[in-house]
Protein chains: 2
Amino acid sequence: MKITEEKELTGVKEIARRAEVSIATVDRVLHNRQGVSIKTKNKILSIIAELDYQPNILARTLASKKILKFAVLIPEASNETAFWEAPLTGILKAEEEIKRYGIQIDKYFFDQNDTSSFVAKTEQLLHDHVDGILMAPMFTEESIAFTNDCKRLNIPYVFINSDLPDQQSLCYFGPDLYQSGYMGAHLLRYLVPNQAKNKILLVNISKEINQRHHLLQKEKGFKSYFEDHNRKNEIIKIDVRQTDYASVEREMDQIFAQHQDISAIFVSNSRVSSVARYIEQHNKTEILLIGFDFLPQNIEYLKNDVIDFLICQKPQEQGYKGIMALYNKMVHGQSSQQVNFMPIDIISRENYLFYHN
Amino acid sequence: MKITEEKELTGVKEIARRAEVSIATVDRVLHNRQGVSIKTKNKILSIIAELDYQPNILARTLASKKILKFAVLIPEASNETAFWEAPLTGILKAEEEIKRYGIQIDKYFFDQNDTSSFVAKTEQLLHDHVDGILMAPMFTEESIAFTNDCKRLNIPYVFINSDLPDQQSLCYFGPDLYQSGYMGAHLLRYLVPNQAKNKILLVNISKEINQRHHLLQKEKGFKSYFEDHNRKNEIIKIDVRQTDYASVEREMDQIFAQHQDISAIFVSNSRVSSVARYIEQHNKTEILLIGFDFLPQNIEYLKNDVIDFLICQKPQEQGYKGIMALYNKMVHGQSSQQVNFMPIDIISRENYLFYHN
DNA sequence: TATATTTTCGTGTACGTACCCGAATTTACT
DNA sequence: AGTAAATTCGGGTACGTACACGAAAATATA
């Protein structure tokens, strides 16, 4: 029965009435399915455009039994770095919100010290059929290879925590590394007198090669600030290639043997707690200490006035917003900004209790 | 026809089958409507409990044509204080997200300098029938009277920006005023030597009586920090009761005539830009300046190094989360925490570009 | 021209819930 | 007991969309 009454209808029914076809035909056009002549298809399309038709998501997801599968590909939260717990928490929060709208989220965790585990997970992920991907592209080359596959299979993907520009990701949620180093230096400007004798120690602690470029970008930002503002402080830098405390202690001992007048220490990542432990044990807590990330150990030292400031970049929000970006794109067709830098938050002893990681 | 097949059904159908009644009867029980005998009602209720039945929100909002009306009762964003633009932005964002689920949000703006305009709006609000309220309870007594009406009418309400404890609000999203003053003092600890001669000026600028208690709480937090940590700095305090620049200038002139050695100024609200203008015009920019809120004028002075730090408390998020709390409560039956303090964010020249207000 | 094939399209049912309307049952009242 | 009234309940349709199935129309093939 063709719908011909004049009563104002809504949605597909109204389109069907105006085009003098059945609802099913309108549906075919909406979903780009075949079986519609070009003539009627164009007619329907023009009516859709004219009405600025917005499908009712409620009815759609209710009627459509199929569920969208999103995949999450991030490092597992080891006890070595609890960092990745936060993005996962954000992801779970998003999942809780949208699972009732037919979204399923499968998690694939890899070992961030092991490239091959990453590759293995990408293969498994492609084998299971998924409709969208949220990933941390830690290993550059492997990630590029993987996203090329995704492009071929027409699977959209979102990056978090670190970006691969020019890889056509749907979007990126994460820090501007350079600027966060710059911010750290800015804090020190207030805290350390502008004299050469007030030395500043820059510490990179990292075992994984893949993380090096992160640290390098922060280091670059940090140093640039001192140049841009003609700061006179001498900057000493050390790279610690082992993350155990003994290694850190050894290196620090060496530095302090050479330099007596270090006013501040800037640790370029979340390993700042190791340095905190050192300066606490060696009664050097008068030295200013700045580091990264809202991790339990770090907060402990923050409470005890050993760490003075932590710079944080909302890891949880990275996961949450990444998933929601996928959801908004695939379900509502809304695309968001391509690059989304997280705020650069400054945490101290007096506001950490209020921080939302 | 009673549903008797053994095939596993979902939702109300399954309940109806097990209880050997019709769907309509189950529906009556679910909505606490009358017309069901106590016996069958109990039977159905026990089955609902047993199955841990969760209604399908999609189907519910689709089938139910009625739309929920939320009311927002906040100050209008005057050019005197652009502050309230931010909560409104958050509210609009939430509206955009949930309007497709049958939520309508009506806005009622009052003049924060005029109690009677507040009362007028509350009356209008109660006249229009609304299902939930998000409000800024700026005028204590009037707000209490209003929320008593709401309680009587069984309309849930959420507070933002300032709290009225013991008023049985669904929840509160806003700052911990005392702690934000404490935080401001903590920042100064790093920036000003611990000596009596390094004086610190505390400035309250406010015309509205209703805002006074805000400032007082911050002031209390600020001073407490100095006491708690045995800081020796002399603290000078002034209250400026007019918000125009001429008044501020007059008061500041007077203070600087009396004191030559002021190291830092703490302005307890967003009017910090007036003080910034003063110390810029009087070539006193070497004085540290700390204030509140991410407003355009303040950011300008932050860029120019006149203001050193701004403390911000996510006003936009207050509006967003407030609305979502109402929504989650009324649609999904999920209640959130009662008191939700916003983070205490520290904004400086090097991170303001990344701040999400 | 008759039949086979392809293209094009409509009917009908389903998703899970809300709610109108009227029927069946029970209770109250003369 | 007989009727009226109240109580309790079920049938059926609707919300807006998806999709299986089959019918009709157009085209191709013999």
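These legends describe close-up views of a predicted model. Local features need pLDDT of at least 70, side-chain atom pairs count only at pLDDT 80 or more, and totals for chains, interfaces and linings use all residues. Residues are numbered from 1 along each chain as written, chains are lettered from A in the order written, and side-chain values use heavy atoms, without hydrogens and water.

**View 1. Chain A meets chain B.** Here 43 residues of chain A are in contact with 43 residues of chain B (contact: heavy atoms within 4.5 Å). The area buried between the two chains is about 3600 Å². Buried area is the accessible area (1.4 Å probe) that two parts lose on being put together, summed over both. Carbon and sulfur atoms give 59% of the area.

**View 2. A salt bridge between the chains.** A:R189 pairs with B:D305, with the closest N and O atoms 3.7 Å apart. A salt bridge is a side-chain nitrogen of Lys or Arg within 4 Å of a carboxyl oxygen of Asp or Glu. Between chain A and chain B the count is two salt bridges. Over all chains, the count is 36.

**View 3. A link between distant parts of chain A.** A:D305 forms a salt bridge with A:R349, and their closest N and O atoms are 3.2 Å apart. The two residues are 44 residues apart in the chain. A:D305 is in the loop between α12 (296-303) and β10 (309-312), and A:R349 is in the segment after β12. Helices (H or I, at least four residues) and strands (E, at least two) are DSSP runs, numbered from the N terminus. A:D305 counts as partly exposed because its relative accessibility is 22%. The cut-offs are under 20% relative accessible area for buried, over 50% for exposed, and partly exposed in between (1.4 Å probe, protein chains only).

**View 4. One turn of a helix in chain B.** B:E14 and B:R18 both lie in helix α1 (residues 11-19), four residues apart, about one turn of the helix. They form a salt bridge, with the closest N and O atoms 2.7 Å apart. B:E14 is buried, at 3% relative accessible area. B:R18 is partly exposed, at 32%.
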